[in-house]
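Subject: A structure for you to look at

Hi there,

Here is the structure I promised to pass on. Have a look at it first, then read my notes below.

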Amino acid sequence: MATVIFYILGFTALAATAMCITRRNPVHAVIYLVNAFFALALIFYLLGAPLVAAWEIIIYAGAIMVLFLFIIMMLELAPTEELRGPGWLRWGPVVLLGAVLLGCTLLLVVAQPMAGTGDPAYYATPRDFGYALFERYALAVQIVSFQLLFAAVGAYYVGRVERGRR
Amino acid sequence: MIVPMAHILAFSAALFIMGLSCVLARRNLIMILIGVEIMLNAVGLTLVGASALWHSVDGQIFVIFLMAMTSAEVAISLAMVVYLSRRRGTITANDFDGMKG
C-alpha cells in the first residue's frame, strides 16, 4: 500500500516540477512548486521522517515559497520572459545535457542496486530526533543560528533604501 | 524501507536534473532561484532515503541544516533580486553580465 502511494506521489512531484520549470509566469511556477513540495512532504512521511515532512510544509511551502510570491508581487513582474528566437534553441542543449546526466546516473544506480527492501519500516520519532539533534549536534545548531542572524542582517543591509534615492 | 533505495536515488536524480535544467535554461533570476530550490530538495530526499536505509536519524538532522541554509540563502538572494531590480528595473540575468569595481 505504502509502496503504491510512494510511486503515485513520486510521479506527481515529477510532473509538478516539470510544469514548474516550463511556466513563463513566475506566479504559476511557484504554485506548481508548492504542489511538488506537498507531494515531497508526504514522501518524507512515508520514509519515516514525520518531523522533516512537517518542516517541509512549514518552511518550504509556508515560508520560502510565500517569500518568493511576495517578491514577485512586489516587483510587479508581468509574465515578460522574452522570447527571442525559437524556444528549442534555449531548451535543446539543456535537455540533451540533462538526458545524458540522468542516463548516466540511472545506469550507475541500476548497475549497483543497493539492497534496501525487506527491512522493517524505519520511523524516527520526534523524541529521538530532538535528543540526537541537541546532544550530538548542539554546536552545529548554534552555528546555524548565527548563520540565520547574519543572513537577516545581510538581507536588511542589501535591501535598504538609501536616503537620497527615494 | 518501503521501496528499494535505487528507486529513491533515481527519483532524486530526476528532480535534481530538472532543477539543473531550470537553472541553465531560464533567464529570469526568480526562476533560477527556484531551480536551486528544486536541486536542494532533491538532495534532501536523498538524505531522508539514506536515513531510512541505515536506520539512523543523522540524515534527517542534516535535512534540517539544509533547510536552515536554504532559508539564509533565499533571504540574501531575494534581497539582492530586489536591489538589482531597483537599480536596473529588470531581473533578466543577461542584463547583469558586467562588473564595475
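A:Arg136 is exposed, with a relative accessible area of 53%; exposed means over 50%, buried under 20% and partly exposed in between, using a 1.4 Å probe and protein chains only. Before going on, please note that this is a predicted model, where local features need pLDDT of at least 70, side-chain atom pairs count only at pLDDT 80 or more, and totals for chains, interfaces and linings use all residues. Residues are numbered from 1 along each chain as its sequence is written, chains are lettered from A and ligands numbered from 1 in the order in which they are written, and side-chain values use heavy atoms, with hydrogens and water left out.

What does A:Arg136 pair with? Its side chain meets that of B:Asp58 in a salt bridge, 2.9 Å from N to O (a side-chain nitrogen of Lys or Arg within 4 Å of a carboxyl oxygen of Asp or Glu). A:Arg136 lies in helix H5 of chain A and B:Asp58 in helix H3 (residues 58-88) of chain B, so the pair joins two chains. Helices here are DSSP runs of H or I with at least four residues, numbered from the N terminus. B:Asp58 is partly exposed, at 23% relative accessible area. Over all chains, the structure holds one salt bridge.

Now for the rest of the interface. Chain A gives 80 residues to the contact and chain B gives 70 residues, where contact means heavy atoms within 4.5 Å. Together the two chains bury about 6800 Å², with 77% of it on carbon and sulfur atoms; this is the accessible area (1.4 Å probe) that two parts lose on being put together, summed over both.

H2(A) has 21 residues and reaches 30 Å from its first C-alpha to its last, close to the 30 Å expected at 1.5 Å a residue (the expected span is 1.5 Å times one less than the number of residues). Its buried residues include A:Val30, A:Leu33, A:Phe37 and A:Phe44. Which helices do the buried residues of H2(A) pack against? They pack against H1 and H3 of chain A, together with helix H1 (5-25) and helix H2 (29-53) of chain B. Just after H2(A), A:Gly48 takes a positive phi of about 85°.

Happy exploring!
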